[in-house]
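I opened this entry to look up charged pairs, then the packing. My notes follow in the order I took them.

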Amino acid sequence: MGKPHISNHPLVKHKLTLLRDKTTESKKFRELIREISLLIAYEALSDLAVVPKPVETPLTTTQGYKLAEPIGLIPILRSGLGMVEGIWEMIPSAEVWHIGLFRDEETLRPVSYYNRLPIHPTVSVCLILDPMLATGGSAVKAVEILKKWGARRIKFLGLIGAPEGVEALNSEHPDVEIYLAALDDHLNERAYIVPGLGDAGDRQFGTA
Ligand code: URA
């Protein structure tokens, strides 16, 4: 697997700076997550397949296209929730499947506490949504769950990644492409991304 895709879009850089700012309050923070997620998804989905579909304009009939593959949005609870809305508006036909993971404090491994995926896969492209790719533990586990489910094409969409998280996801699942708004410097001793933006869940939901 190659390097993660880090957005170079000026709008992403501008909005990410506002998102990082510690004085940005919850409402604005949620708006920014929604907007940046949409921009990252736009980049991540540039290789989606389309099939031809003729369309009648007011003047004539011409060749059009429609998306060929059903898409699943898989937010990791809870901080992935804020990434759903903007992407879903752009792809209203997407299915949304939630996965809840917590960290077992003894083993330090992520454990699944919520997963209502149906028995057989219903989508062919899965987008895992989690704003912070920190240690990579949750992302690795989410990919494992989706692969067991039968998903074949999986992409990870986040806002900020740490080198440790990218390395973990790349080495366990080299087939999963990673899309981020920024790759930061390191993790601190509490596994927060530095410089980062703090706790993405608390800042979205006003629970700090
Ligand atoms: N989760 C967060 O919300 N922030 C981090 O910096 C790392 C993990």
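I searched the whole predicted model for salt bridges and found 13.

Aspartate 202 belongs to helix 6 (residues 200–205), while arginine 78 sits in the loop between strand 4 and helix 3, 124 residues away. I noted arginine 78 as partly exposed, at 35% relative accessibility.

Next I took lysine 147 and aspartate 175, which meet in a salt bridge at 2.9 Å, N to O. Lysine 147 is in helix 4 (residues 137–149) and aspartate 175 in the loop between helix 5 (163–172) and strand 12 (177–180), so the bridge ties together parts 28 residues apart in sequence. Lysine 147 is partly exposed at 31%, and aspartate 175 is partly exposed at 46%.

I then checked lysine 155 and glutamate 177, a salt bridge with its closest N and O atoms 3.5 Å apart. Lysine 155 lies in strand 10 (residues 153–157) and glutamate 177 in strand 12. Is lysine 155 buried or exposed? I read 3% relative accessibility, so lysine 155 counts as buried; glutamate 177, at 23%, is partly exposed.

I turned to the packing. The largest nonpolar core has 37 residues, and Leu19 and Leu129 are among those with the most contacts inside it. Helix 2 gives the most to this core, eight residues.

Last, I looked up glycine 80, in the loop between strand 4 (71–77) and helix 3 (84–90). Glycine 80 is buried at 0%, and its C-alpha is 4.3 Å from that of aspartate 130, 50 residues apart in sequence.

Technical notes
Residues numbered from 1 in each chain as written. Predicted model: local features only at pLDDT ≥ 70, side-chain atom pairs only at ≥ 80, totals over all residues. Heavy atoms only, no water. Helix = DSSP H or I, 4+ residues; strand = E, 2+ residues; numbered from the N terminus. Buried < 20%, exposed > 50% of the residue type's maximum accessible area, 1.4 Å probe, protein only. Core = buried A, V, L, I, M, F, W, Y, C linked by side-chain atoms within 4.5 Å. Salt bridge = Lys/Arg side-chain N within 4 Å of Asp/Glu carboxyl O.
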